[in-house]
Amino acid sequence: MRINRAMRVGIGAAALALAATLTACGGGDEGSVLDHAKEGKLTVGIKFDQPGLGLRNTDGTYSGLDVEVSKYVAEKLGVKPENIEFKEAPSGQRETLIENGQVDFIVATYSITDSRKQKVDFAGPYYVAGQDLLVRADNTDITGPDSLAGKKVCSVKGSTPAQNIQKNYPQAQLQTYDTYSLCIEALRGGAIDAVTTDNVILAGYAAQAPGTYKLVNKTFTTENYGIGLKKGDSEGRGKINDAIEAMIADGAWKAALEKSFAGTGFAIPQPPTVDRY
């Protein structure tokens, strides 16, 4: 009995040790972005449904400004574009994806806010946008946020634009969906009167269906898009900031915008200043 008990104890200890080893090796929440970059692969969160920013194309490729920024940053960290795994990062899930280690960083029209900085760190900004409204081309009633009383306005659950409408324009009838593409479908079908998010996002959708929608062109916020990563990863944040500054300095940032919004008439803005707080 003594031998069997010792064997059982030994086997149990070995099993626990093996489980700990497997957890350390396979746990997505272990290690910094630079640790993972040294392994030659990165998982990056982007949007899959935002034309001009983060779009999964029908052939399985990805396009848009956020995709170009992701590739540039990854390459500066030593990871080739083909070794990036893109993971969908819906607005309401971004902090969770980072906190759980399911992604190394997120580039997904991710506005830097004080509340979000309690949970994750941000590099950037890499782009400065402004919240606007998209309406059907024949709409003459909606001329800005002050004309939204009684209007059905759609945005995405957990997004900064949705929170802004709810807080500052309570006279609007806010409806939230999981994705902006669902909002666009509802706008096309007449179920809602306007879609609200950042102007650069709305411009991408409008470009997909010329003559169907129009931007109100009255921005009413300033949105600093940052690259979200694990809270406390100051070294990784610094390296990503270096990459953003390099992208702006060498012309790749402007080229990415021109590529992503070609033919839309979208005016390329001045590049942002990276915040080294």
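Is Lys231 buried, exposed or partly exposed? I looked this up and noted that Lys231 is partly exposed, with a relative accessible area of 44%. I recorded the cut-offs: buried is under 20% relative accessible area, exposed is over 50%, and partly exposed lies in between (1.4 Å probe, protein chains only).

**Basis of the entries.** I worked from a predicted model, in which local features need pLDDT of at least 70, side-chain atom pairs count only at pLDDT 80 or more, and totals for chains, interfaces and linings use all residues. Residues are numbered from 1 along each chain as its sequence is written, and side-chain values use heavy atoms, with hydrogens and water left out.

**Entry 1.** I found eight salt bridges in the structure (each is a side-chain nitrogen of Lys or Arg within 4 Å of a carboxyl oxygen of Asp or Glu). One of them joins Lys231 to Asp121, with the closest N and O atoms 3.6 Å apart. Lys231 lies in the loop between β13 (223–230) and α8 (234–249) and Asp121 in strand β7 (residues 120–129), so the pair ties together parts 110 residues apart in sequence. Helices (H or I, at least four residues) and strands (E, at least two) are DSSP runs, numbered from the N terminus. Asp121 is buried, at 11% relative accessible area.

**Entry 2.** I next examined Arg276, which forms a salt bridge with Asp242 at 2.7 Å between the closest N and O atoms. Asp242 is in helix α8 and Arg276 in the segment after α9 (252–260), 34 residues apart.

**Entry 3.** I also noted a salt bridge between Glu245 and Arg276 (2.8 Å, N to O). Shared partners join Asp242, Glu245 and Arg276 into one network.
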